[in-house]
Amino acid sequence: KGGKALKQFAVIGLGRFGTSVARTLSRMGHQVIAIDSDEAKVEALMDEVTTAVQADARDEEALKAAGIRNVDVAIVAIGENVEANILVTLIVKELGIKCVVAKAINDQHGKVLAKIGADRIVYPERDMGVRVAHTLASGNVLEH
Ligand code: ATP
């Protein structure tokens, strides 16, 4: 059917954004390791992903134990805690993961992530705002 090859992903941080990314990849048939320090977040997603792990992602050994080194892509979806977001991005990059996608909350944060080797930086709120604006302007909206 011309579909893309299945891959292994790790999603670190299961807030609204991370949960949505993990769930969507999983529904597409990809292998997903989901990691969060909050047991409740892990349990909520447990049945929908390949592996769900409760761990502080700043703990390199815990990431290794979760199998992070086997993934093709790691998504760092920790939000509010910028320090943890940056540290975890650095750790996964140092563990040799080829493609690291990190969520940034603003431009300065994004610049730091780029400097430490994030391969792709996403700004979920901003990106969604742009998408919604384009959709609205294109007229592909049901008019009442
Ligand atoms: P969203 O907008 O996607 O809901 P957010 O911007 O509010 O997310 P946070 O709630 O700060 O982001 O973080 C998302 C998730 O990351 C939370 O579920 C939180 O438990 C988890 N998280 C934060 N720090 C760590 C850490 N060191 N290790 C693992 N998970 C973490």
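This is a predicted model: local features need pLDDT of at least 70, side-chain atom pairs count only at pLDDT 80 or more; totals for chains, interfaces and linings use all residues.
Helices here are DSSP runs of H or I with at least four residues, strands are runs of E with at least two, and both are numbered from the N terminus. Residues are numbered from 1 along each chain as its sequence is written, and side-chain values use heavy atoms, with hydrogens and water left out.

Back to T19. Its relative accessibility is 16%, so T19 counts as buried (buried means under 20% relative accessible area, exposed over 50%, partly exposed in between, with a 1.4 Å probe and protein chains only). A polar atom of the T19 side chain lies 2.8 Å from the backbone oxygen of G15.

Now for the ligand. There are 18 residues around the ligand, and R16, F17, D36, K41 and A57 come nearest (a residue is near a molecule or strand if one of its heavy atoms lies within 4 Å of it). By type, the shell splits into eight charged, six nonpolar and four polar residues.

Which atoms pair up with the ligand? On the side-chain side, an N or O atom of K41 is 2.9 Å from a ligand oxygen, and a polar side-chain atom of D56 is 2.9 Å from a ligand nitrogen. E80 uses its backbone instead, with an N or O atom 3.0 Å from an oxygen of the ligand. On its own the ligand exposes 640 Å², and the protein buries 84% of that (accessible areas come from the Shrake-Rupley method with a 1.4 Å probe; for residues, only the protein chains shown count as cover).

The ligand sits in the second largest pocket. "Sits in" asks that more than half of a molecule's atoms lie within 2 Å of the grid points of the cavity or pocket. A pocket is an open set of points on a 1 Å grid over the protein atoms alone, with protein on both sides within 12 Å along at least five of seven lines.

Next, a walk through the other elements. E39 has its place in helix α2, residues 39–45, and is partly exposed at 39% relative accessible area. E39 and Q54 are 15 residues apart in sequence, and their C-alpha atoms are 5.6 Å apart. In helix α3, residues 60–65, you'll find L63, which counts as buried at 1% relative accessibility. V76 belongs to strand β4, residues 73–76, and is buried with a relative accessible area of 0%.

Helix α4 covers residues 82–94 and includes E94. Is E94 buried or exposed? At 64% relative accessible area, E94 is exposed. From E94 to G117 is 23 residues in sequence and 9.2 Å between C-alpha atoms.

Finally, H109 lies in helix α5, residues 107–115. H109 counts as buried at 4% relative accessibility, and its side chain makes a polar contact with the side chain of N85 at 2.9 Å. A polar contact is a pair of N or O atoms within 3.5 Å; within protein, one must be able to donate a hydrogen and the other to accept it, and residues adjacent in sequence count only if both atoms are side-chain atoms.

Terms used:
On a 1 Å grid over the protein atoms alone, a cavity is a set of points where a 1.4 Å probe fits but cannot get out, and a pocket is an open set with protein on both sides within 12 Å along at least five of seven lines; lining residues have an atom within 4 Å of a point. Ala, Val, Leu, Ile, Met, Phe, Trp, Tyr, Cys and Pro count as nonpolar, Asp, Glu, Lys and Arg as charged, and the others, Gly among them, as polar.
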